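Subject: Structure for you to look at

Hello,

Here is the structure I promised. Please open it and keep it in view while you read my notes below.

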Amino acid sequence: MTRPHLIRVGLALLILPVVVLLGLYFLELGDVRSCMLDGGHWDYLDGACRDTPQPFVPWLARAPWLVNGGLALSVLGLGMAMVGLYIRKR
């Protein structure tokens, strides 16, 4: 892979997984807030609004492959971008 391609792919892998994770987080946060404003309790496991209190289940426990995979892709992208910047021009 050439130097510019390595940098571009690395930067894309660095930024895109974080943007996707944040987008999914804020989509769920909007649902949680609308449920709470209606007087309900959010069920994190089923993704539904309930009448009874529900335990909080962190996102890492619900979707570990999504969270860890996204962060691993970001670290891989950081490494690719750094290698692309380190390689000398020919």
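Glu-28 counts as buried in this predicted model, because its relative accessibility is 17%. Buried means under 20% relative accessible area, exposed means over 50%, and partly exposed is in between (1.4 Å probe, protein chains only). Glu-28 is found in helix H1. Leave aside its neighbours within four places in sequence, and Glu-28 is in contact with Trp-42, Tyr-44, Trp-59 and Arg-62. Contact means heavy atoms within 4.5 Å. Helices (H or I, at least four residues) and strands (E, at least two) are DSSP runs, numbered from the N terminus.

A word on the ground rules. The model is predicted, so local features need pLDDT of at least 70 and side-chain atom pairs count only at pLDDT 80 or more, while totals for chains, interfaces and linings use all residues. Residues are numbered from 1 along each chain as its sequence is written, and side-chain values use heavy atoms, with hydrogens and water left out.

Stay in helix H1 for Val-32. Val-32 is buried, with a relative accessible area of 7%. Trp-42 and Tyr-44 touch Val-32, not counting residues up to four places away in sequence. Cys-49 is 17 residues from Val-32 along the chain, and their C-alpha atoms are separated by 7.9 Å.

Arg-8 also lies in helix H1. Is Arg-8 buried or exposed? Arg-8 counts as exposed, at 57% relative accessibility.

Next, the helix pair. Helix H1 covers residues 3-37, and helix H3 covers residues 64-86. Their axes come within 7 Å and cross at roughly 155°. That makes H1 roughly antiparallel to H3. The contact of H1 with H3 holds 20 nonpolar residues, five polar and one charged. Here are the terms:

- Axes are lines fitted to C-alpha atoms, for helices over the stretch in contact, and angles run from 0 to 180 degrees between N-to-C directions.
- Angles under 35 degrees count as roughly parallel, over 145 as roughly antiparallel, 65 to 115 as roughly perpendicular and the rest as oblique.
- Ala, Val, Leu, Ile, Met, Phe, Trp, Tyr, Cys and Pro count as nonpolar, Asp, Glu, Lys and Arg as charged, and the others, Gly among them, as polar.

Two residues of helix H3 come next. Ala-81 lies in H3. It is buried, at 6% relative accessibility. Not counting residues up to four places away in sequence, Ala-81 touches Leu-6, Ile-7, Gly-10 and Leu-11. Tyr-86 counts as exposed, at 74% relative accessibility. The C-alpha atoms of Tyr-86 and Ala-61 are separated by 37 Å, and these residues are 25 apart along the chain.

Finish with Asp-43, in strand S1 (residues 41-43). Asp-43 counts as buried, at 8% relative accessibility.

Best wishes
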